[in-house]
Structure formats: C-alpha cells, structure tokens
Amino acid sequence: MMNELVCELGVLLRGWRSQRGKSQLETALAADVSQRHLSFIESGRSVPGREKLLAIAEALDVPLRDRNALLLAAGYAPLYPEQAWDAPQMRAITAAAERMLKQQEPYPAVLLDRHWNVLAANGAAPRFSGRFVDLAKWSQPRNLLRLTFDPAGLRPFIHDWDQVARSLLDRVRREAIGRVLDKTLQGLVDTLLAYPGVPDAVEYRSDSTDMPMIPIGFVKDGTILRYFSMVTSVGAPTAIAAQELRIECLFPADEETERGHLRTPSAP
C-alpha cells in the first residue's frame, strides 16, 4: 500500500513540475533539496518528510487543495482545512467580502468560487443583469460565465462579442487556481466553446489602443455602456476556501458610461 502511495506521489510531483515547466534541478534548488533526493521521490524510491514535501509544493506553486493531495499521497494527514466558504471559521473573510460588495454600490459586484459560481452579490448586480435577462429562469448558484456566454443570457447584449469572449476565456485560464484548469473548470470551458460563434481563447489578441484594459460593453436602448472589472482575492490564505474565493467588481470604463449608468432610472 505504501509503495502505491509513494508511486502516486511521484506521479503528482512530476505532473506539477511539468505543468510549471521546471526541471528537477530548478525545483530542487528552489525547494532546498538535492536533485538526487527529488529524483528518488519522483521515482517512488523515497518518501520526503512533510516539511520537505511542503517546500517542494511551495517551489512549484501548488494550490492548497492539491497540497493536501500530495500530503495524502505521501501518507500524511491533510494540512489545509476544507470548509464551506460561509463556515464560521471563514467569518472574518466573509464579513470583509460583504463590506466590499456593499461599498461597490451603485456598481455591480459578485463573490465567486473557483468555478465562477456566484456565491453572493450586492444589490446592484442582479438589478444590472436583470435589465437584460430574466434571472428567475437561471438556477442558483448562477454561473457567471454561463450567464455571459449563453445565447439565452447576456451574450446578445454584449458589444464586440468576439473580443470579449476571447478575453474572458483567456482570463479563465490565467485566473484558475494555480493556473491549472481542474476537471470541472475544463468541462465548463468545453461547454462555453460548444456554444455557436465562440472563438477559442488561443486566438485572443488585444486590439485596444486607447484603453489600458479590454472593456465589456453592454448595449441597451442603442447605447453602449462599457465596464471593466477588478478582482480581489485573499492575500495570504491558509484555508482552501480562502484561496479559492474572489470578488469581481465592475467599474465604468469611461465617463460616458458612468454618466449613463447613474442617470438610468432602472440602473442600480
């Protein structure tokens, strides 16, 4: 049984090293272990101490959830707690998130999990989306990407769809925890790409010359309202849920949008 665990550990470590594009020597130097020892670990000939294993995981920037998997594969107990995002132990973080959502008014803000599901939102978010779609038809938790890409969702109201779609898919890959798509997130991306007229993010190129970001424009009554997002995450997480939460806030990308947003009676 132990040999099977050690072999699994070696496979996992090689996988992360390959994902990061690091050689054994680079990884060993960063983790302060010998290359020979790392080679023995990856081949299943040696089991590292817990601290050494965590040092290797740190050198490879392995997410907390996957560090637990490495610990289990080595025969150790998981180190990082895995509780619900709104568990009592998370109260300090959820309280901070609630304040940020409220302070974002009158502009939309949502709290997302690692798969882009909306866990919480300020009042402005559903009011804004509700100007374009009937949110009652979307089961909860609503997935922000599905809501955006689905032809029955926000997509018909989005200006410059190809550019926005490419930039969002690019963001999914860049902002994934540990910059790796898990099976659920990869399945979500496959679903989005299966919608008609969705370009693959590998084709993405920024054509913007007058803005420092790619805005997302919503067309309403012949007017284009352009926004950009800012994403907030926990700076030094020690729990899985804390690492995987993020807040996405929409801001007007230009003065015309800000004036139009604030003077529209139905706007948040």
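Student: Where does Y195 lie?
Tutor: In this predicted model, Y195 lies in the loop between helix 10 and strand 4.

Student: Is Y195 buried or exposed?
Tutor: Y195 has a relative accessible area of 17%. That value is under 20%, so Y195 counts as buried.

Student: How far apart are Y195 and W116 in space?
Tutor: The distance is 18 Å from C-alpha to C-alpha, and 79 residues separate Y195 and W116 in sequence.

Student: Staying with W116, what sits over its ring?
Tutor: The charged end of R246 does, 4.3 Å from the centre of the W116 ring. A further arginine, R45, lies over the face of F40, with 4.0 Å to the ring centre.

Student: Turning to ring pairs, how many aromatic pairs are found in the whole structure?
Tutor: The search finds eight aromatic pairs. One of them is formed by F132 and F157, which are 5.3 Å apart from centre to centre, with 55 degrees between their planes; this pair is tilted.

Student: Where in the chain are F132 and F157?
Tutor: F132 is in the loop between helix 7 and helix 8, and F157 is in the loop between helix 8 and strand 3. The pair links distant parts of the chain, as the two residues are 25 apart.

Student: And which class of accessibility does each of F132 and F157 fall into?
Tutor: F132 counts as buried, at 9% relative accessibility. F157, at 25%, counts as partly exposed.

Student: Why is the pair of F228 and F251 called stacked?
Tutor: The planes of F228 and F251 stand at 25 degrees and the ring centres are 5.8 Å apart, so the pair is stacked; the cut-off is under 30 degrees. F228 belongs to strand 5 and F251 to strand 6, 23 residues apart, and this pair also links distant parts of the chain. F251 is partly exposed, at 26% relative accessibility.

Student: Which residues form the aromatic cluster with F132?
Tutor: The cluster consists of F128, F132, F157, F218 and Y227.

Student: What about the largest nonpolar core: which residues touch the most other members?
Tutor: F149 and F218 do, in a core of 33 residues. Among the elements that supply at least two residues each are strand 1, helix 7, helix 8 and helix 10. Helix 9 gives the most to this core, with six residues.

Student: Now the pockets. How much space lies in the largest pocket, and which residues lie nearest its centre?
Tutor: The largest pocket holds about 790 Å³ of space. Its lining has 40 residues, and L144, T148, S229, E248 and L250 lie nearest the centre.

Student: Which element gives the most to that lining?
Tutor: Helix 9 gives the most to the lining of the largest pocket, with seven residues. Other elements that each supply at least two include strand 1, strand 2, helix 7 and strand 6. By class, the lining of the largest pocket comprises 28 nonpolar, six polar and six charged residues.

Student: And the second largest pocket, how much space is there?
Tutor: About 380 Å³ of space lies in the second largest pocket. It is lined by 19 residues, with I177, S233, V234, P237 and Q243 the closest to its centre. Helix 5, strand 5 and helix 11 are the elements that give two or more residues to this lining.

Student: How does the lining of the second largest pocket divide by class?
Tutor: It has 10 nonpolar, three polar and six charged residues.

How values were computed
Residues numbered from 1 in each chain as written. Predicted model: local features only at pLDDT ≥ 70, side-chain atom pairs only at ≥ 80, totals over all residues. Heavy atoms only, no water. 1 Å grid on protein atoms, 1.4 Å probe; cavity = no way out; pocket = protein on both sides within 12 Å on 5 of 7 lines; lining within 4 Å. Points joined across faces, edges and corners; volume = space filled by probe spheres on them. Helix = DSSP H or I, 4+ residues; strand = E, 2+ residues; numbered from the N terminus. Nonpolar A, V, L, I, M, F, W, Y, C, P; charged D, E, K, R; others polar. Phe/Tyr/Trp six-rings, centres within 6.5 Å; stacked < 30°, edge-to-face > 60°. Buried < 20%, exposed > 50% of the residue type's maximum accessible area, 1.4 Å probe, protein only. Lys NZ or Arg CZ within 6 Å of the ring centre and 35° of its normal. Core = buried A, V, L, I, M, F, W, Y, C linked by side-chain atoms within 4.5 Å.
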